[in-house]
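Dear colleague,

Here is the structure I said I would pass on. My notes follow below it.

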Amino acid sequence: MKLMVDSFWRALAYCLHWRVILLSLLPLLLVGGASFGLGWFFWEDALDAVAERISDWTLMGALTKWLSALGAVGYRAVFQQIIVVGLSVPFVVVASVLAVGLCMTPSMVKLVVARRFPQLERRHRESAWRAAGWVLAATAVALVALLVTMPLWLIPPLALLLPPLVWGWLAYRVMIHDALADHATPQERRRLRREHRGPLLTIATAAGYAGGAPALLFAVSPQALIIAPILVVAVVWLHVLLFAFFSLWFAHYGLSALHRQRQAAPGPLAEVPGAASGPSTLPSPTS
């Protein structure tokens with residue numbers, strides 16, 4: 001718990017670093033630009049498609065008549081906008097995690113290593129294509145999970161449970177892997193995930209539920225739904241900042257845990273080609 005809290009505050013402080021702020025601009029341009037373009041050109045078409053789909057719903061007809069009797073005549077249009085936004089946000093979240101994992105996490109991990117663990121030994125080096133393949137594979141699994149579970153979102157408790165769990169799983173798979181890819185051997189990574197499963201899953205769950213928080217901007221008023229194609233850029237920016245924070249949290253926690261693991265049981269360097277055998281002496285991490 002002490003390590004998790006310490007990593008939390010360090011990650012929060014690193015989010016204010018000028019390099020992290022600059023790195024966040026690229027995912028914002030990629031995901032925000034794509035989301036804005038899709039919303040600008042296809043918003044009305046999406047609303048028409050939803051309107052056509054729900055026109056045959058018996059429950060929707062009864063609900064519309066009941067609301068009309070109460071004076072809420074425009075609720076049907078608002079309901080269509082809610083559906084379009086509700087179906088779009090989960091995929092915006094996944095795209096944000098993917099963009100942060102590919103564009104920000106490697107550089108942020110290097111920043112953490114340079115400032116806190118400058119002599120942490122690299123016992124493994126993940127190639128760029130393997131790292132990108134890991135991220136893309138995890139993203140594909142998350143997208144399939146979202147599509148398969150989408151019908152269950154009509155059940156209110158599951159709608160609040162399933163998407164955050166998928167986002168949290170994706171953040172966990174991508175971010176802890178990237179945090180340790182260039183320093184920990186596969187054996188060290190497996191051991192660390194096994195021994196620290198509870199804290200890591202806690203961070204992942206927090207990341208999943210925090211991923212849905214920016215979408216609350218659409219709940220401010222019906223006017224927020226009307227300008228959704230424009231407001232989505234602000235939502236993407238908040239997602240990028242949030243997942244950058246969780247990526248830093250995973251990096252601080254994972255690298256600290258790896259450092260302690262090696263201090264407790266320093267082993268031979270036989271896994272590194274050309275490395276001398278014998279225990280490795282690592283300095284205590286600084287700020």
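This is a predicted model: local features need pLDDT of at least 70, side-chain atom pairs count only at pLDDT 80 or more; totals for chains, interfaces and linings use all residues.

Numbering runs from 1 along each chain as its sequence is written, and side-chain values use heavy atoms, without hydrogens and water.

The protein chain averages a pLDDT of 80, and 80% of the residues score at least 70. Mean confidence is lowest in helix H4 (residues 58-70), at 57, and highest in helix H1 (residues 2-14), at 93. Helices are DSSP runs of H or I, at least four residues, numbered from the N terminus.

The largest nonpolar core has 71 residues, and Phe250 is among those that touch the most other members. Helix H13 (residues 228-264) supplies the largest share of this core, 16 residues. Such a core is a set of buried Ala, Val, Leu, Ile, Met, Phe, Trp, Tyr and Cys residues joined through side-chain atoms within 4.5 Å; buried means under 20% relative accessible area with a 1.4 Å probe, protein chains only. Leaving out residues up to four places away in sequence, Phe250 touches residues including Tyr172, Ile176, Leu200, Ile203 and Ala204.

Leu200, Ile203 and Ala204 are among the buried residues of H11, and the cover over that buried set includes H1, H9, H10 and H13.

Regards

Terms used. Buried means under 20% relative accessible area, exposed over 50%, partly exposed in between (1.4 Å probe, protein chains only). Helices (H or I, at least four residues) and strands (E, at least two) are DSSP runs, numbered from the N terminus. Contact means heavy atoms within 4.5 Å. pLDDT is the predictor's confidence in each residue, from 0 to 100.
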